[in-house]
Amino acid sequence: CVRDSAGVTFIGGVMEHIEQAGVHSGDSACSLPPYYLSQPTIDEIKRQTAAMAEGLSVVGLMNVQFAIQEVDGKDVIYVLEVNPRASRTVPFVSKATGIQLAKVAARCMAGQTLASQGVTKEVTPPYFSVKEAVFPFVKFPGVDTILGPEMKSTGEVMGVGKTFGEAFVKSQMGAGTKLPTSGKVFLTVKNADKPRAVDIARQLVALGFELVATKGTAAAIEAAGVPVKVVNKVTEGRPHIVDMIKNDEIVMVINTVEERRNAIADSRAIRTSSLLARVTTFTTIFGAEAAVEGMKYLDNLDVYSVQEMHAQLVA
């Protein structure tokens, strides 16, 4: 947000991270406007942001990170951090909304008001913009690609579309992530992610993919009536999943693990082998969900100029 010396606060944008809290914000993809949050939750986030800007007497830019937890069907909002400064997402938000937030904030800090700059109305674009992180993993063979609280990305790209799926798939293309159109997808997920993995599996089969999974994940998928073949973990003997990856039999890997050191170590071979074989890998269930949604639009992408996007904001 931006607040001026007259005490007026302007919400520059509300972005929703795709990966859950626990993954560094710089490594998480995000969507503007939010693709999942309810309008009442978005409104409450805006109210709390304005209240904090007022309470901290901020003049200029301020960014806030929230965490939303669903409890008994209701969203509970937690504040992770508040920073009275710009963040790395300011250029992204500015391009998505057509408002040069850094310039507006600098003028506020120099004494101008938001009203004098004509910045009085919040902008919610009629299209989706997705920011995706770019990782240097291919330059470091053998590194573990699992995401966590330590930032690993070295850049960012942006995708825009009429739907969240279209915007997300464009962001993946920009980041150099190749989403497949056919072949075998491997799934092995932690227990908490299995209900979502079943839905992902169902969508992948509908798109024409074959599925292979480790025993526990395969059992959950089969129980839902979705066809899947069982493959051994590395510790269960050959042929195992790493053999399939090395033999170019797998086109995409979905691998989430319990946040325990031994669990992460046990599945490391899957991720490092996927990296060496240039197999697209998702280590969060929410990233995998977004990818599958985006894959539905691979054959139906349109190109938009920034000018066309911003013209929709004025109309």
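**Cores and charges in a predicted model**

Trainee: How many residues are in the largest nonpolar core, and which have the most contacts inside it?

Mentor: This is a predicted model. Its largest nonpolar core has 34 residues. Leu204, Leu211, Ile221 and Ile254 have the most contacts inside that core.

Trainee: Which one gives the largest share?

Mentor: Helix 10, with seven residues.

Trainee: Why would nonpolar side chains be together?

Mentor: Because in soluble globular proteins they tend to be buried together.

Trainee: Back to Ile221. What does Ile221 touch?

Mentor: Leaving out residues up to four places away in sequence, Ile221 touches Leu187, Val198, Ala201, Leu211, Ala213, Val226 and Val228.

Trainee: New topic. How many salt bridges are there in the whole structure?

Mentor: A search finds nine. One of them joins Lys46 and Glu122, with the closest N and O atoms 2.8 Å apart. Lys46 sits in helix 1 (residues 39-55), and Glu122 in the loop between helix 3 (101-109) and strand 8. They are 76 residues apart, so this pair links distant parts of the chain. Glu122 is partly exposed, at 36% relative accessibility.

Trainee: Which salt bridge partner does Arg196 have?

Mentor: Glu289, at 2.9 Å from N to O. Arg196 is in helix 5 and Glu289 in helix 10, 93 residues apart. Both are partly exposed: Arg196 at 32%, Glu289 at 22%.

Trainee: And what about Lys296?

Mentor: The side chain of Lys296 meets that of Glu293 in a salt bridge, 3.2 Å from N to O. Lys296 is partly exposed at 41%, and Glu293 is partly exposed at 25%.

Trainee: Now Glu19. Is Glu19 buried or exposed?

Mentor: Glu19 is buried, and has no salt bridge. The nearest side chain of opposite charge, Lys131, is 8.1 Å away. A salt bridge needs the atoms within 4 Å.

Trainee: Where is Glu19 found?

Mentor: In the loop between strand 3 (16-17) and strand 4 (30-32).

Trainee: What does the Glu19 side chain meet in a polar contact?

Mentor: The side chain of Ser28, at 2.8 Å. A polar atom of the Glu19 side chain also lies 2.9 Å from the backbone nitrogen of Ala29. Beyond its neighbours within four places in sequence, Glu19 has contacts including Asp27, Thr284, Phe286 and Gly287.

Definitions and conventions
Residues are numbered from 1 along each chain as its sequence is written. This is a predicted model: local features need pLDDT of at least 70, side-chain atom pairs count only at pLDDT 80 or more; totals for chains, interfaces and linings use all residues. Side-chain values use heavy atoms; hydrogens and water are left out. Helices (H or I, at least four residues) and strands (E, at least two) are DSSP runs, numbered from the N terminus. Buried means under 20% relative accessible area, exposed over 50%, partly exposed in between (1.4 Å probe, protein chains only). Lys and Arg count as positive and Asp and Glu as negative; His and the chain ends are not counted. A polar contact is a pair of N or O atoms within 3.5 Å; within protein, one must be able to donate a hydrogen and the other to accept it, and residues adjacent in sequence count only if both atoms are side-chain atoms. Contact means heavy atoms within 4.5 Å. A nonpolar core is a set of buried Ala, Val, Leu, Ile, Met, Phe, Trp, Tyr and Cys residues joined through side-chain atoms within 4.5 Å.
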